[in-house]
Amino acid sequence: PILADTTISLVLYAWFFEKEERPATAFKLSLWYALNPIAIATCTLQGQFESLPSLFALLAVIQATRSNTVSVKSAWWLCLGGLAKTWPLILLPAFLSRAETAKQKIVFTAIAVLPTVISVGVLYHFAPDAISHHVLGYRGRSGMWGLTALNNLLSEDAGKLWSRIVFYLLISAWLIVTAKTWKRGSVGQCACLGILTFYVFTSGMGPQYCAWILALALISDFSRARLFTVVATLCVGVMYLCTPYNGEYFNYIHQFHSPLFWATNMKPYHLRMAALNFLPLWLFCIGWLVGLLRDVLKPTTDEAKLITD
């Protein structure tokens, strides 16, 4: 993961250098990832490997942006992202909307998705219960983020029902955003919209999920990516300082947990504290989703001229 984070920084430097043609400027811009507290916290404090799928998702978007169409190279990069962790596959519509023929859509989808489907199928054959529980049925922990923060005010049965409703809201919102932005905006913008839709409507979200959008947003929506860094850093920082098992994140390598960890982890106090702590970040994601969606749906120059005429 550390090597993947380093590679992302180098890829961003090459991207900004190509756009800005000034090494000093490209270097400063790429530091927004290299020294980003969210990327550092995700990798070194939590021991997560979100940088691996993030790297491949970034390379897939850059390849598609350069060619301005779908390509086998983009499909393979997205495939590797899906094999590392399945979330890059929610970016699929951002690429398919650039396909000109049905054959291109089918080929791209097959390359990007089938290896992950096959690998999960093989693993399911050997460990069906584990794959069903940890992969196919995984929804994250409800009650700590966004819409499911309401679970803390509901009974257990009502909370479970509301979490199921929120899951279907997520699917519906993803389909609506995909339909509204089809063939509009850039690949990077649409990829960010896919992730933001997940952020806003998901029933469960861990702090490591914040790393998903970082690299993509830095090349697609730089100004909002910087604000996201500030808000997310404050929220994650408060989480590290104020969680009842403060210090556990700094000892993940040894997998040692104190009695206080087991007494408080995922208990009502922890869930309420997390929901309140991450409320500013969730609200920011709503604003980001609305603002970026407005940018993507804004009429192009030709469309504006046609409307004026």
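**A guided tour of the helices and the core**

Select helix α4, residues 51-67: in this predicted model, its 17 residues reach 24 Å from the first C-alpha to the last, close to the 24 Å expected at 1.5 Å a residue. Helix α4 is mostly covered, with twelve of its 17 residues buried. Colour these buried residues next; among them are S51, P53, L55, F56, L58, V61 and I62. Directly after α4, select N68, whose phi is positive, near 60 degrees.

Now move to two of the covering helices. Select α1 (residues 2-20) and α2 (residues 23-34), which pack at an angle of about 145 degrees with their axes 8 Å apart. The crossing of α1 past α2 is right-handed. To see the contact, show side chains on both helices: α1 contributes D5, I8, S9, L12, Y13, F16, F17 and E20, while α2 contributes P23, T25, A26, F27, L29, S30, Y33 and A34. Sorted by class, this contact of α1 with α2 holds eleven nonpolar, three polar and two charged residues.

The next stop is the largest nonpolar core, which has 78 residues. Select L58, F95, F108, Y199, I213, L216 and F228, the residues with the most contacts inside this core. Helix α10 gives the most to the core, with ten residues.

Centre the view on Y199. Leaving aside residues up to four places away in sequence, Y199 touches W145, M205, Y209, C210, A211, W212, I213, F228, W282 and C285.

On α10, the contact is made by Q189, C192, L193, L196, T197, Y199, V200 and F201; on α15, by W282, C285, I286, W288, L289, L292, L293 and V296. The residues of this contact divide into 14 nonpolar, two polar and no charged.

Is K183 buried or exposed? K183 counts as exposed because its relative accessibility is 53%, above the cut-off of 50%. Check its backbone as well: phi of K183 is near 65 degrees, a positive value in a residue other than glycine. For comparison, most residues other than glycine have a negative phi.

Terms used
Residues are numbered from 1 along each chain as its sequence is written. This is a predicted model: local features need pLDDT of at least 70, side-chain atom pairs count only at pLDDT 80 or more; totals for chains, interfaces and linings use all residues. Side-chain values use heavy atoms; hydrogens and water are left out. Buried means under 20% relative accessible area, exposed over 50%, partly exposed in between (1.4 Å probe, protein chains only). Axes are lines fitted to C-alpha atoms, for helices over the stretch in contact, and angles run from 0 to 180 degrees between N-to-C directions. Helices (H or I, at least four residues) and strands (E, at least two) are DSSP runs, numbered from the N terminus. A crossing is left-handed if the near helix is turned anticlockwise from the far one by less than a right angle, and right-handed if clockwise. Contact means heavy atoms within 4.5 Å. Ala, Val, Leu, Ile, Met, Phe, Trp, Tyr, Cys and Pro count as nonpolar, Asp, Glu, Lys and Arg as charged, and the others, Gly among them, as polar. A nonpolar core is a set of buried Ala, Val, Leu, Ile, Met, Phe, Trp, Tyr and Cys residues joined through side-chain atoms within 4.5 Å. The expected span of a helix is 1.5 Å times one less than its number of residues.
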